[in-house]
Amino acid sequence: MKNILLITLFLFITNCIFSQTSIYPDSVGTKVFYENGYTYQAERLGSGIIKVYNSDNKWINIAKIHKLTGDFPDENTPDLESNEWYKQTENLYSILEESYSNEEKEKIKRVGRKGIGFVELFINPETGKVDDVRFSFFRLSYYMYIPVSKFREIELKIKERLQFEVTDYGKQFNYIYYWNDYKFK
Amino acid sequence: MFGPIDNAAYDEHEIKFSTGKVLGITLGENYESNNLLHELMHAYRFYTEENSNAYNSSNLNGEIEAQYTQLVYKNAIKANITFPVDPQYAYRIEIAYLYMFIDEYGKLNNDVSEIELENHVTNIIKEYKSSPTYSKEKYKYDSNRTALSNFKNLRTITKNCQ
């Protein structure tokens with residue numbers, strides 16, 4: 001009898017743990033989130049990668065090209081000044097660290113694939129400010145349970161606080177693309 | 001990457017092959033150990049393929065493995081990228097996503113299906129093809145191979161590392 005009670009209790013607890021439903025699509029497709037004053041969307045790819053971003057964006061899914069010639073950029077010529085790039089990467093990490101609670105960070109670290117998250121930045125070549133931000137993660141990660149409002153909060157901080165220095169070469173393009181992966185310490 | 005590239009930021013890097021053997025690897029002075037590892041992966045693969053034709057018809061398969069191995073190495077030694085050129089292209093994030101699918105030893109991660117890996121490699125190929133350095137003649141993808149088989153050399157060289 002005691003064993004039956006223990007098994008029942010175990011099944012109940014297990015069910016509670018795994019019944020938390022993910023916010024983002026469970027199958028391939030796009031889900032739109034109409035929030036207070038902004039709209040976000042999440043695309044799930046056949047690979048299980050989920051990409052989350054503001055629906056009101058300028059550059060996402062648009063090719064990076066030379067503004068006059070339409071040519072693609074040379075891969076090995078930097079479009080951002082390296083010293084400022086390092087500083088802004090540190091700023092990006094600071095924003096990410098401060099935006100998640102300790103509990104969220106612990107869960108992100110423990111669940112799924114080593115807690116890796118990705119941030120893509122689409123930078124305005126004239127101002128060095130960030131025009132668009134896209135977040136991505138894997139279907140097995142805890143990011144599946146992070147609300148859209150958190151990504152929106154981070155997006156706003158990035159747009160407000162990051163300031164890149166664009167090289168003369170970079171200024172010739174419609175936008176500057178930069179991505180980073182990160183893991184919490 | 002094959003053949004010299006002409007630009008101010010990086011010196012040339014090149015790997016030369018002859019019939020049945022690797023003649024040598026040239027790296028410019030701005031290159032680092034991770035770049036050498038990348039070229040060594042190509043050299044190693046050259047010896048694991050049946051013949052030159054098999055090698056040449058799967059250059060993109062080999063490039064994906066070499067890029068991923070390079071990234072694993074860079075992460076292992078916690079190397080900073082020394083110049084802000086690496087993150088410019090979308091195919092590089094696709095390579096970094098590979099961590100979700102395969103581990104540092106080239107094996108499929110638990111709970112990940114081979115179909116997901118196949119889908120992801122399809123995305124990588126798509127991004128490579130839209131990259132300015134992509135050459136249809138040089139970077140042929142052999143789609144008769146499974147996505148997981150692209151990492152067989154990584155599995156071999158890390159066999160005693162686990």
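Is the crossing of H4(B) and H5(B) left-handed or right-handed? In this predicted model, the two helices of chain B cross in a left-handed sense. The contact draws on B:Ala90, B:Tyr91, B:Glu94, B:Ile95 and B:Tyr97 from H4(B), and on B:His120, B:Asn123, B:Ile124, B:Glu127 and B:Tyr128 from H5(B). Sorted by class, the residues of this contact comprise six nonpolar, two polar and two charged. The axes of H4(B) and H5(B) lie 8 Å apart and form a packing angle of about 160°. Angles over 145 degrees count as roughly antiparallel, and H4(B) and H5(B) are therefore roughly antiparallel to each other.

Helix H4 of chain B spans residues 90–97 and is mostly covered, with six of its eight residues buried. The buried positions are B:Tyr91, B:Arg92, B:Ile93, B:Glu94, B:Ala96 and B:Tyr97. The cover over these residues includes elements of chain A, namely strand S3 (49–54), strand S4 (117–123) and strand S6 (176–182). From chain B, the cover includes helix H3 (59–76) and helix H5 (114–129).

Nonpolar side chains tend to be buried together in soluble globular proteins. In the present model, the largest nonpolar core contains 60 residues. The residues with the most contacts inside this core are A:Leu121, A:Ile123, A:Phe135 and A:Ile176. When residues up to four places away in sequence are not counted, A:Phe135 touches A:Val52, A:Tyr53, A:Gly117, A:Phe118, A:Val119 and A:Phe151.

Definitions and conventions
Residues numbered from 1 in each chain as written. Chains lettered and ligands numbered in written order. Predicted model: local features only at pLDDT ≥ 70, side-chain atom pairs only at ≥ 80, totals over all residues. Buried ≥ 20, exposed ≤ 12 C-beta atoms within 10 Å, placed from the backbone. Helix = DSSP H or I, 4+ residues; strand = E, 2+ residues; numbered from the N terminus. Contact = placed C-beta atoms within 7 Å. Axes fitted to C-alpha atoms, helices over the stretch in contact; angles between N-to-C directions. Parallel < 35°, antiparallel > 145°, perpendicular 65-115°, else oblique. Left-handed = near helix turned anticlockwise from the far one by under 90°. Nonpolar A, V, L, I, M, F, W, Y, C, P; charged D, E, K, R; others polar. Core = buried A, V, L, I, M, F, W, Y, C linked by C-beta atoms within 7 Å.
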